[in-house]
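Let's take a walk through this one together. Have a look at the model first, and then we'll go through it piece by piece.

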Amino acid sequence: MDYRNNRSGNGFAIAAMILGICSLLFCCTIYLPLPLGALGCVFVILSKRRGKTLSGAAIAGLVTSILSMLCALCIIIASVFTAFTLFQPENRERLDSLFEQTYGMDFEEYMQYFYGEDFDLDSYIEQFQKLNR
């Protein structure tokens, strides 16, 4: 007896829905939503069999996967933009005040604490300015 024909559910659609929900839940971690969402989209494609329409679970997986990947990309772009903006020389006072409020020391002291006394912030700022040009 062939039991494969008696199965009513689509495992790929359910896997896509689970991956989409997980990627949406882990959206703040930055690293997990992109691979989980991409796998969810792949499983949606695999769940579509010849001549069959997408099931509700597959559509839910596709929507949540795409939504979480877009949210993660927006967070990444905003983080990179903020970093490039704060490391500009004219924003050094703002960066120092943020580090004072958070860590109790300015940015240069914070970097020297982690990278040692030979850390030179000015040389890194010069290299950063060369990359921006």
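**One side of a helix**

Start with helix H1, whose buried residues are Ala-13, Ala-16, Leu-19, Gly-20 and Ser-23. Buried here means under 20% relative accessible area, with over 50% being exposed and anything in between partly exposed (1.4 Å probe, protein chains only). Helices are DSSP runs of H or I with at least four residues, numbered from the N terminus.

A quick word on the model: it is predicted, so local features need pLDDT of at least 70 and side-chain atom pairs count only at pLDDT 80 or more, while totals for chains, interfaces and linings use all residues. Residues are numbered from 1 along each chain as its sequence is written, and side-chain values use heavy atoms, leaving out hydrogens and water.

Now for the rings. The structure holds 7 aromatic pairs; rings of Phe, Tyr and Trp (its six-membered ring) pair if their centres lie within 6.5 Å, and planes under 30 degrees apart count as stacked, over 60 as edge-to-face and the rest as tilted. Phe-99 and Phe-107 make an edge-to-face pair, 5.0 Å centre to centre with 70° between the planes. Phe-107 counts as buried, at 7% relative accessibility. Ring pairs also link Phe-99, Tyr-103, Phe-107, Tyr-110, Tyr-113 and Phe-114 into a cluster.

Notes. Helix = DSSP H or I, 4+ residues; strand = E, 2+ residues; numbered from the N terminus.
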